[in-house]
Amino acid sequence: MWVKHKTYQRQNMFLVFFVIGLVLVLMFTRLGYLMLFQADYYGVRAKELHERERRIKAERGTILDRNGKLLAGNRSVSTISVIHSQIKEPEKVIELLSKELGMDQDTIRKKVEKVSLREKIKSNVDKETSDRIRNGKLAGVTVDEDYKREYPYDALASKVIGFTGADNQGIIGLEVTYEKYLKGIDGSILTMTTAHGTEIVNGAEDRIEPVAGNTLCTSLDLTVMEYADQVAATLLKEKQAKSVEIIVMNPNNGEIYAMVNAPEFNLNNPYALTKEAEAMSEKEKTDLRNAMWRNECVSDTYEPGSTFKILTTAAALETGSVKMSDTFHCPGYKIVEGRRIRCHKTTGHGSETFLDGIMNSCNPVFMEVGARMGVDNFFDEIQAFGTLTRTGIDVPGEAAAIMHKKENVGPVELATMSFGQSFQVSPIRLLTCVASIINGGKKITPHFGVSILQSDGSKITKLSYPDQGSIVSKETSDQVREALGKVVSEGTGKNAGVEGYTVGAKTGTSQKLPRGNGKYIASTIGFAPVENPQVIALVRIDEPQGLYYGGTVAAPAISTLYTNLLPYLLEKKGEDEGIQKKENE
């Protein structure tokens, strides 16, 4: 019996030793596997455990006008944070930060007492304030480098340039379109910590330097922008208008020198609203801000009125539906399918040529021309002009045209469309079509971006825009240009003239929907010189009070604008051509 018991004990001991041995073999095998095959992985995990990353924001790229003048830049600011585990004198920290940052002590106390790796107190702190906090040398308080976007001209071209949010990311305008070039690459500081996440005093740091964003060089011209802004501000005040839009563009390549949407907003304080808005709900405030930031030149549509007659003229000439010498008769109206559609001159223009009809802006003439073309030809041509598509301009929110479906267009719709009513286009779409017609027929893409310059100035990347071919013949382009020149020298656009220069223009007046509400849009498109256009502009006045005809209120604005700008632009063109010639040599 005793022998059996002893044998049983030996078996148990053998089993125990066997199990222990097996466990040890497995442990050493696992250890060997981890050391030989997983060393890199666990090395990284260990490093992550003992390092804390602090981001260093990259300086955002600047935005320049075509002469290298700063339109959007940066100023140095700081982000103030606290590290709970390192704070030794919490009351002193609370007192200092409350005093320097102008914040309530209770708010700061909650952040200081919160058990977290890092708690941000405030961002966008100016350099002087952050220097004083840094000089306080209080343990647990960190001051990190940062940048705040700054716009030297406040509201100038605000809806075009756009602005950035708290994270320095583009919100609207060029700031968001060219975000990938402007934003840069953030750097970081890697600080050694204990296993509990406490930073090791005097521990080694790894610093990855940030890469600054690239510079955006634009076609905007500060001088042109300021002149256009002054004209818009004057119209807004004198005509008590709802808004005023002005676009100034190079008709040969689509470069935009100025785009004004008055009233503008302050880029350095883009969220500010009037005192009247304080009582509004948050949704109402959001809607109000969205309306305030809206670029009407690009995102709004309207009935262009008689300015569209430029396109009807080009389409009719291109299809051979009419010649400038063809004669018409205007009794002051035209009856289309029983509907009496009147001319602006109710007593009529009598007998006149097509050229006279353009100079007189005669609706019956254009209705007859539209009927001669027919629906198919009319639609084919305006589609070829690009009227029904977006331009591809390099700012967000471009609106599409609002047009009848071709199959729904009857004689009445065709008649009203021929002189610019019963459909809607955006200002930039209309101006681009006209520019393409008067520049010799070359279809262009309107744009602001010209080139991208690396932050160190080492490389320039020119931005390119597609060649879209011709939309009208040179002969048609020449005829339209000459006719629009006579609109100014002898016709309804006399108020757009500038002494010493040849200007071509077309005025327009359209009634806003619903008809009969007494609200109008006055507009004029003008270009110069007639023989070789170097600049084209559109002035649109939304709901002017008192006189509202395009030839009366918008055409003089073209004259005022060009009186100041033509000497500058034509001289600038000569200088640019001289520089280009030297570079080519």
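The following legends describe close-up views of a predicted model. Local features require a pLDDT of at least 70 and side-chain atom pairs count only at pLDDT 80 or more, while totals for chains, interfaces and linings use all residues. Residues are numbered from 1 along each chain as its sequence is written, and side-chain values use heavy atoms, with hydrogens and water left out.

**View A. Helix 14 contains a kink centred on Gly-374.** Helices (H or I, at least four residues) and strands (E, at least two) are DSSP runs, numbered from the N terminus. Helix 14 spans residues 363-385 and has 23 residues. Its end C-alpha atoms are only 22 Å apart, short of the 33 Å that a straight helix would reach at 1.5 Å a residue; the expected span is 1.5 Å times one less than the number of residues. The kink in helix 14 is about 100 degrees, where the bend at a residue is the angle between axes fitted to the seven residues ending there and the seven starting there. Gly-386, which follows helix 14, has a positive phi near 90 degrees.

**View B. The second largest pocket has a volume of about 930 Å³.** A pocket is an open set of points on a 1 Å grid over the protein atoms alone, where a 1.4 Å probe fits, with protein on both sides within 12 Å along at least five of seven lines; lining residues have an atom within 4 Å of a point. Grid points are joined across faces, edges and corners, and the volume is the space filled by probe spheres set on the points. Of the 35 residues lining this pocket, Arg-342, His-344, Asn-363, Gln-421 and Thr-509 lie nearest its centre. Strand 13 (339-342), helix 15 (411-418), strand 17 (504-511) and helix 18 (550-584) each give two or more residues to the lining. Strand 17 provides the largest share, 6 residues. The lining comprises 9 nonpolar, 18 polar and 8 charged residues. Here Ala, Val, Leu, Ile, Met, Phe, Trp, Tyr, Cys and Pro count as nonpolar, Asp, Glu, Lys and Arg as charged, and the others, Gly among them, as polar.

**View C. Strand 18 pairs with strand 17 and with strand 19.** Two strands pair if DSSP finds at least two bridges between them. Strands 17 and 18 are antiparallel over 8 bridges; Ser-510 stands opposite Ile-521, and Gln-511 has Tyr-520 as its bridge partner. Strand 18 (residues 520-528) is also antiparallel to strand 19 (residues 535-542), over 8 bridges, with Gly-526 partnered by Ala-537. A hairpin of 6 residues joins strand 18 to strand 19. Because 7 of its 8 residues are buried, strand 17 is largely enclosed by the rest of the structure.

**View D. Val-409 is found in the loop between helix 14 and helix 15.** Val-409 counts as buried because its relative accessibility is 10%. Val-409 and Val-375 are 34 residues apart in sequence, and their C-alpha atoms are 7.2 Å apart in space.

**View E. Asn-250 is placed in the loop between strand 9 (243-249) and strand 10 (256-262).** Asn-250 is buried, with a relative accessible area of 10%. Its C-alpha atom is separated by 8.2 Å from that of Ala-435, 185 residues apart along the chain.

Notes: Buried < 20%, exposed > 50% of the residue type's maximum accessible area, 1.4 Å probe, protein only.
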